[in-house]
Amino acid sequence: MADDRHQQRQQRLKEQVDARIASASEVRGILMVFTGNGKGKTTAAFGTALRACGHDKRVGAIQFIKGDWPNGERNLLEQHGVEFQVMATGFTWETQNRETDTIACLAVWQHARRMLADPSLDLVILDEITYMISMDYLPLEELLTALQQRPASQSVIITGRGCHRSILEIADTVTEMRPVKHAFDAGIQAQQGIDW
């Protein structure tokens with residue numbers, strides 16, 4: 001009896017899933033946003049890049065804020081043809097210089113614009129770009145225009161806290177990471193291979 005009910009529930013679920021799959025007929029690149037105060041936004045973005053590389057897709061990545069410190073994702077993905085461009089100044093709370101941070105942002109943004117116009121790239125990651133918008137290092141309209149004018153088949157991932165509502169409105173998928181518990185809050189140091 002319990003097995004019959006389980007089979008009936010699973011059959012109803014299958015029919016619902018099959019109907020959703022059948023109704024999803026549009027084929028195009030999507031804009032994804034990984035935002036929120038929880039850990040895992042960049043990790044999710046580069047997990048998607050790893051998946052894309054596994055399917056022989058071409059990926060480009062721009063890292064705003066992170067600087068030239070050791071980066072496990074970059075170490076691996078560059079071996080698979082992923083182009084990385086990194087904002088030279090690193091963490092803005094370390095530099096504390098608005099002028100040099102803005103110059104560095106705009107310099108790496110030129111690489112992002114090039115990637116967002118490149119139809120040979122299947123996926124472009126704009127890691128931590130939300131901060132460039134909220135700190136007024138990069139004009140919101142420039143980003144929105146580049147996103148809207150990108151090749152139709154190109155997917156883009158935007159990461160960072162406090163994503164601007166205009167970006168959220170045009171995004172196809174938005175995931176908010178919510179902090180529940182974090183080892184760092186308990187005084188545990190960030191670890192190579194886990195946190196970077």
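## Helix H5

The model is predicted, with local features needing pLDDT of at least 70 and side-chain atom pairs counting only at pLDDT 80 or more, while totals for chains, interfaces and linings use all residues. Residues are numbered from 1 along each chain as its sequence is written, and side-chain values use heavy atoms, leaving out hydrogens and water.

## The nonpolar cores

A nonpolar core is here a set of buried Ala, Val, Leu, Ile, Met, Phe, Trp, Tyr and Cys residues joined through side-chain atoms within 4.5 Å; the largest has 32 residues, and Leu126 and Met132 have the most contacts inside it. Strands S1 (31-35), S4 (123-127) and S5 (155-159), together with helices H5 (98-116), H6 (129-134) and H7 (140-148), each supply at least two residues of this core, and H5 gives the most, with seven residues. A second, separate core of 15 residues includes Ala49, Val59, Phe84 and Ile157.

## Leu126 and Leu147

With contact taken as heavy atoms within 4.5 Å, and neighbours within four places in sequence left aside, Leu126 is in contact with residues including Ile62, Ala112, Leu143, Leu147 and Ile157.

Leu147, which lies in helix H7, is buried, with a relative accessible area of 1%. Not counting residues up to four places away in sequence, Leu147 touches Leu31, Leu116, Leu126, Val156, Ile158 and Ile170. Leu147 and Gly29 are 118 residues apart in sequence, yet 11 Å apart in space, C-alpha to C-alpha.

## The aromatic pair

Rings of Phe, Tyr and Trp (its six-membered ring) pair if their centres lie within 6.5 Å, and planes under 30 degrees apart count as stacked, over 60 as edge-to-face and the rest as tilted; by this rule there is one aromatic pair. The rings of Phe46 and Phe84 have their centres 5.5 Å apart and their planes at 20°, so the pair is stacked. Phe46 in helix H2 (residues 41-54) and Phe84 in strand S3 (residues 83-86) are 38 residues apart, and the pair thus links distant parts of the chain. Both Phe46 and Phe84 are buried.

Conventions
Buried means under 20% relative accessible area, exposed over 50%, partly exposed in between (1.4 Å probe, protein chains only). Helices (H or I, at least four residues) and strands (E, at least two) are DSSP runs, numbered from the N terminus.
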